[in-house]
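The sequence and structure are shown first.

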There are 2 protein chains.
Amino acid sequence: MVGSVRVLSATQRDAYLSECRAAAVGAIEALIGERERRHPAYRAVLDYPLREAKGLRPALAIATCRALGGGFAEMLPTAAALELLHNAFLVHDDVEDGSALRRHAPTLAAKLGVPLAVHAGDTMLSLALGPLLDNMRLLDLGRALRILDLVASVLRRTVEGQALELGWIADHRWDISPDEYVEMVTLKTAWYTFAAPIVAGAIVAEARPALIDELTRFALDLGVAFQIRDDMLDLLAEPAVTGKEHCGDLWEGKRTLILSLFFSGAAPGDAAFARALLDRPRPRVTDPADPTDTAQLDRAIAALGDRIAPDIRDAVRAAFRASGAALYKTSTDVAKLRMLIEAYIHRAGEVAADFASRASQRWASIRPAMEPSVHRDLIESILAFTVARSR
Amino acid sequence: MVGSVRVLSATQRDAYLSECRAAAVGAIEALIGERERRHPAYRAVLDYPLREAKGLRPALAIATCRALGGGFAEMLPTAAALELLHNAFLVHDDVEDGSALRRHAPTLAAKLGVPLAVHAGDTMLSLALGPLLDNMRLLDLGRALRILDLVASVLRRTVEGQALELGWIADHRWDISPDEYVEMVTLKTAWYTFAAPIVAGAIVAEARPALIDELTRFALDLGVAFQIRDDMLDLLAEPAVTGKEHCGDLWEGKRTLILSLFFSGAAPGDAAFARALLDRPRPRVTDPADPTDTAQLDRAIAALGDRIAPDIRDAVRAAFRASGAALYKTSTDVAKLRMLIEAYIHRAGEVAADFASRASQRWASIRPAMEPSVHRDLIESILAFTVARSR
């Protein structure tokens, strides 16, 4: 199957992706007039969208729509809305996960504090309604409403998937079965990142219902493979490639297939070490509005003056730092866990390969419904890329 | 003007409000099926909506719609969506403001931690789309789309208003003019709490455009009066009445008209004291996932064992607490500020009375467009209540 696909070169593929992303970001910027861009509500809104990113969602929407005979202009507002909603969820996810880096720069929460980051996400969610309502005038009413229904149901699935994960975190659960993991990422990622843009593209292009069903199943298998591989990259790649912290998922205690397989296969002592480490919070992201604990101790020691001998003062400081280290995750422990899970990265790759190969089979039956075009080639390239990444 | 209104008794008014609120909450519960209610995504969603509250928004929407000849059933989904969106913003505002109490109980952030609270708000925002899309089938398309447009534009105003306030907080700005304050609460509160439900009611009842314009201006004046008086109540009423902390706005550093008037009129020394106090953070709301600083010091001291003498140990602990107190707001300082601003509460009341009286004048020209009914009486009662509160 895979051997027969017609793929673009990496350069052609990336050019297509970045063209779609530029168009979507342009449409997002156009939602915010020049005057409003100075308004504090909108300053933070463009921060994530303007950072360098793959732009997978706009490209998948536009490529599917055009491969099925639809037009670029009638797809763009929906592609922009999906990209904006995606960025809104990234901003809030980074607050929820306490992440430090996103796309090669500090997260909005680390940059502006939690209040402004939560608010920026809400502003982005509110703005995304605009282009979806513009669809009423741009498309016929039937398609505009089907897209609104699609977005509403995908948003619902996305929050359900995120809730599964936050629920596991709150319950300190690590015995996640591979099926539970797949359910979670299907809801949280595969629907939003793959099914939503591909199905939206098919709706705008007026594809027949049976084809839309096939495209949905293709998109979900592809999405799961993609996400598993993304979790592997978090452990394998350098921050310069991912734009995130190295092993950021371990710092955040993210539930990945790799850890799911590790916990079901590891020696009890290793599993206990991992559980204790993963359940400790990471050191707090510094909140600009919040004085640090060290400042509080320094003031206390200064206030005591001569009453506290210099050697005791230093000992208290050192013990305070060491005690903080015992309460939080440390680099040494994270590095040790990274070693322990090495073998399970490969096993997760096998699961990703299964999903990728199922996606390839589905693609084989979808492909004949599309005329040959650069748009069809783009979808095929992303499939081939995911298959290759999964090896 | 005010003397001529026909008001319900407090009991009648409260019965009307609670009937509408119960219907809206029922419609919100119906969005989440029995099975789904066990799903972690939805557990937190009903928390705020089920807490005791006035239910102003559903009542204003239903009363306006029915006073203008519209039906209850065709108004209910929109009333439920507005109530759900309102609760979503409350959840996120409580995260952004670091509030401790909401409606007589700990805020969702205090109860479940910031990650689950941010996520619950997103889930509520996502769910609210459902009833607005159901309107497409329930109402004719024209009205359903106008309501979606109204909601999109009101959400935009709400986040703009909240951004103005968060921007002032981030910039440590306290020299807010009364006009700036009115702009902020018009966007943040008056549009959402008064104009959105009243205009939605008028749209469903197919009121003529000129009447909708008059109703909008009436709602905005009423909303500003209501919010100023709400800020006064925060300082005057007991927590048993407001369901919030006493002087919670001072703890949170909220920009109110009272403080705006205080800063323009206070002696330089008093203003400097107030500015220094208000800009200090409040003690952190305890996050269940985050060990406290005191625990860190206790472990440090324990680790030092005999190396630190008991009297020095106690002195370090006391100095650590005192140093924390100097970094954060304290009850003593908040109580002192409360005394300093006493006179300005009354002056803010005068501004509220101006807005309430303008609302009364607008009402006088709107009233003849409505047949006498309990629904018209309800709107009048809320007007009379706001006028009376503003004295």
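## Interface and cavities

Six residue pairs, both at pLDDT 80 or more, are in polar contact between chain A and chain B (a pair of N or O atoms within 3.5 Å; within protein, one must be able to donate a hydrogen and the other to accept it, and residues adjacent in sequence count only if both atoms are side-chain atoms). The side of chain A that touches chain B receives two or more residues from each of helix H2 (40-43), H5, H7, H8, helix H15 (293-304) and helix H16 (310-327) of chain A; helices (H or I, at least four residues) are DSSP runs numbered from the N terminus. This side of chain A has 41 nonpolar, nine polar and twelve charged residues; Ala, Val, Leu, Ile, Met, Phe, Trp, Tyr, Cys and Pro count as nonpolar, Asp, Glu, Lys and Arg as charged, and the others, Gly among them, as polar.

The model is predicted: local features need pLDDT of at least 70, side-chain atom pairs count only at pLDDT 80 or more, and totals for chains, interfaces and linings use all residues. Residues are numbered from 1 along each chain as its sequence is written, chains are lettered from A in the order in which they are written, and side-chain values use heavy atoms, with hydrogens and water left out.

The contact (heavy atoms within 4.5 Å) takes 62 residues from chain A and 63 residues from chain B.

The whole structure holds five cavities of 30 Å³ or more. On a 1 Å grid over the protein atoms alone, a cavity is a set of points where a 1.4 Å probe fits but cannot get out, and lining residues have an atom within 4 Å of a point. A volume is the space filled by probe spheres set on the points.

| Cavity | Volume | Lining by class |
|---|---|---|
| Largest | about 220 Å³ | 15 nonpolar, two polar, two charged |

Among the 19 residues lining the largest cavity, A:Leu125, A:Leu129, A:Leu155, B:Leu125 and B:Leu129 are the closest to its centre. In the second largest cavity, the lining includes B:Asp231, B:Lys254 and B:Ile341, and H10(B) gives the largest share, three residues.

Notes: On a 1 Å grid over the protein atoms alone, a cavity is a set of points where a 1.4 Å probe fits but cannot get out, and a pocket is an open set with protein on both sides within 12 Å along at least five of seven lines; lining residues have an atom within 4 Å of a point.
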